[in-house]
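This report describes how two parts of one protein chain meet. Please look at the sequence and the model first, and then read on.

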Amino acid sequence: MIVASHRGPERFQREADGTFTRQRGAGGVVSALQPLLAGGGAAWIAAAMGDGDRAAVAAGAARSDDFDLHLLSLDPDAHRLHYDLISNSLLWFLHHGLFDLPRRPVFDDRFEEAWSAFRSVNQAFADEIVSAARDGDPVLVQDYHLALVPAMVRAQRPDVSLVYFQHTPHCGPNSMGVLPTTAATELLASMRSCPTGFHSQRWVRAYEACCEIVAGMAPGPAFAAPLGIDPEALDASASGPEASRELALLDDLVDGRRVILRVDRIEPSKNIVRGFLAYDLFLERNPQWRERVVFVALLYASRENLAEYQAYRAEVEHAAERVNNRWATAGWTPIALDPEDVYPRSVAGMCRYDVLLVNPLKDGLNLVAKEGPYLNERDGVLALSTEAGAFDELGDAALAVHPFDIAQTASVFESALAMDSDERKARAARLRELTASRTSRHWLDELVAHARAEAG
Ligand code: G6P
């Protein structure tokens, strides 16, 4: 098997004595695939991400015990244009509906340069796949950074068993029409050249409509295969000493109060500011809940080299501060905002919450919406955006959140906190059953089956 993803399974750091140390790679795609494939002989093609990775490649030390690792040392300028401009400032914004259309995006000559850099990075991945692929090997191409790879591989090796999986939503034809037509057509033509998967049937339909309406092409084979949790890894983290320590700290912090939790990257699509505004409204409407609940917001930094993300982080901090200034009393801080990315702390939070808020504007899946209910020990209520892919599977057992409607979100807090214990128990049991029954292994097996079906 060959995996191609922008981020690799391991990151390298050069130590003072010239040797290299390794750490597990970051990001949702890596976290899902790494444990499933480690030690199984898979090849993994990824970009060298920083100075440590590049130095390891140059020294011939970018090797892994778990994978046949191919780290691509890309031209730094081309890589920056590929990742910051096209992948994260354009395609991410497009598929999550984040553009402020009267102002952005603007396509000028600089776009041409960035698009050809995007193409060249995709070509480097495709070339590596072509030289690594052996007969019958399924090749799993992961995510929007590599959307042009399928057509580039097909052009050289039509025989390869290929599947492309996009972890984001897919926008509909009106939004796709914002892209220059040649770029939109190039993306869609590539995706339709192999089976293409998403976490939700809604994104499948949107992608198919784009093929037909924007590009005037029949869509290629497309499927929905939502990612599931990794129960063994979650069980191990939850029962470990670090999570127990974090749980004790959290208990001290909340001091017997109810807990509303969120766990997110600081990311505009996560809709963090509206979550705080809804909580503010909830406290205004419900004096009886003041001092009896704490909103624990575990928020960690993301893509901080992009101006939009820096500005959003400031807005998030400001919104939390405003709520705290308005309602805090001597012994109570309404929002506990924690910007440190400590995984056992997130695990402890997920075990302990009474209400888990997952209110993205749009989200391909949102794995926290599955991991939380799986780990939770208090019959916690899931308040879930209808715009998260996970809503397809969990919507019946969750309370539905309209992500733009803060008055409705405030009412969801009221219903969740006032829910009687029988209903909470029944919903939590259903959520646990749903989240435990579909694991990340099921998802991987489906991807491989789609790759093989196409080739056969
Ligand atoms: C999403 C994307 C992943 C990406 C992750 C973190 O989950 O689907 O492909 O790795 O966000 O984003 P970053 O830009 O830090 O890799």
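In this predicted model, the contact between the two domains involves 21 residues of domain 1 and 24 residues of domain 2. The domain assignment places residues 2-227 together with 442-455 in domain 1, while domain 2 covers 231-437. The centres of the two domains, taken over C-alpha atoms, are separated by 30 Å.

Domain 1 and domain 2 bury about 1700 Å² between them, and 55% of this area lies on carbon and sulfur atoms. On the side of domain 1, Trp 92, Arg 202 and Leu 227 together supply 27% of the area buried against domain 2, which is more than any other three residues give.

| Kind of pair between domain 1 and domain 2 | Count |
|---|---|
| Salt bridges | two salt bridges |
| Polar contacts, both residues at pLDDT 80 or more | nine residue pairs |

Arg 202, already named for its share of the buried area, forms a salt bridge with Asp 392, and the closest N and O atoms of this pair are 2.8 Å apart.

Which elements give two or more residues to the side of domain 1 that touches domain 2? They are α3 (76-95) and α8 (201-213), and of the elements on this side α3 gives the most, with six residues. Sorted by class, the side of domain 1 that touches domain 2 consists of eight nonpolar, 10 polar and three charged residues.

Definitions and conventions. Residues numbered from 1 in each chain as written. Predicted model: local features only at pLDDT ≥ 70, side-chain atom pairs only at ≥ 80, totals over all residues. Heavy atoms only, no water. Domains from an automatic or database assignment. Contact = heavy atoms within 4.5 Å. Buried area = accessible area lost by both parts, 1.4 Å probe. Salt bridge = Lys/Arg side-chain N within 4 Å of Asp/Glu carboxyl O. Polar contact = N/O pair within 3.5 Å; in protein donor to acceptor, adjacent residues only side chain to side chain. Helix = DSSP H or I, 4+ residues; strand = E, 2+ residues; numbered from the N terminus. Nonpolar A, V, L, I, M, F, W, Y, C, P; charged D, E, K, R; others polar.
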